Amino acid sequence: MVRQVPFPELEFEQPIPRRLVHRAAVAEVFVTDAVELSRDRYLVAAQWPRDHALYHPDPSGLADPLLFAETIRQGLVYLAHSRLGVPLAHRFVGTHMDFRITHPERLRVGAAPPAVVLDAELSRPGDRPPHRHGLRLDAVLLVDGVPCGRGGLSLFATDERRYRLLRGPIGRPAADGDPAPDPGGGRGGGPGG
């Protein structure tokens, strides 16, 4: 039996290029596609893994809700680069994230990955291009076409020089000669990646 996809205009077959969501490995990329519905509204498609190095189903077989949080982050970073022209070299700094799963039973891990879609509204609070891009994504989580959560992420993207000014001496030698650790894993850290 062929599964009916509730959003035929979206592709779920393969992830987008990892550089567009600031991820090191293809296995970490959940976003597969996005379509523009209107000037500030998008559908963002994602495929969640049934199991993952960081995100595991709970004992009752429900997907980790943090998959939703990461999908919001990836969706916002992807739209920033692909639709708004934010340069790929810009760093993202998260300022606020919230999300809530309203129908956790919809997150049951099955034999096939569900069609995960964000019905997303993109806004640009505090936007001051070209050096600082203020961004916010508010999204309703749809799993197989059924709303089951909502969430949002605010962040800003900035060039490397301004990012280093904000973050301080990350990666520079500490007083004892050892390099200072980079708490963001080298790509901006926090919800903004």
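Student: Which geometry describes the pair formed by the rings of F68 and F99?
Tutor: A search of the whole structure finds one aromatic pair, and a pair of aromatic rings is described by the distance of the centres and the angle of the planes. The ring centres of F68 and F99 are 5.9 Å apart and the planes stand at 85 degrees. Planes over 60 degrees apart count as edge-to-face, so the pair of F68 and F99 is edge-to-face.

Student: How many residues apart are F68 and F99?
Tutor: The pair links distant parts of the chain, since F68 belongs to helix α1 (residues 66-82) and F99 to strand β3 (residues 91-101). The separation of F68 and F99 is 31 residues.

Student: Which residue in β2 stands opposite E36?
Tutor: Strands β1 (residues 31-38) and β2 (residues 41-46) run antiparallel and are joined by six bridges, with a hairpin of two residues leading from β1 to β2. Opposite E36 stands Y42.

Student: Over which residues is the pLDDT below 50?
Tutor: The mean pLDDT of the protein chain is 86, with 83% of its residues reaching 70 or more. Where pLDDT is low, the predicted coordinates should not be read in detail. The stretch with pLDDT below 50 covers residues 176-190.

Technical notes:
Residues are numbered from 1 along each chain as its sequence is written. This is a predicted model: local features need pLDDT of at least 70, side-chain atom pairs count only at pLDDT 80 or more; totals for chains, interfaces and linings use all residues. Side-chain values use heavy atoms; hydrogens and water are left out. Rings of Phe, Tyr and Trp (its six-membered ring) pair if their centres lie within 6.5 Å; planes under 30 degrees apart count as stacked, over 60 as edge-to-face and the rest as tilted. Helices (H or I, at least four residues) and strands (E, at least two) are DSSP runs, numbered from the N terminus. Two strands pair if DSSP finds at least two bridges between them. pLDDT is the predictor's confidence in each residue, from 0 to 100. Contact means heavy atoms within 4.5 Å.
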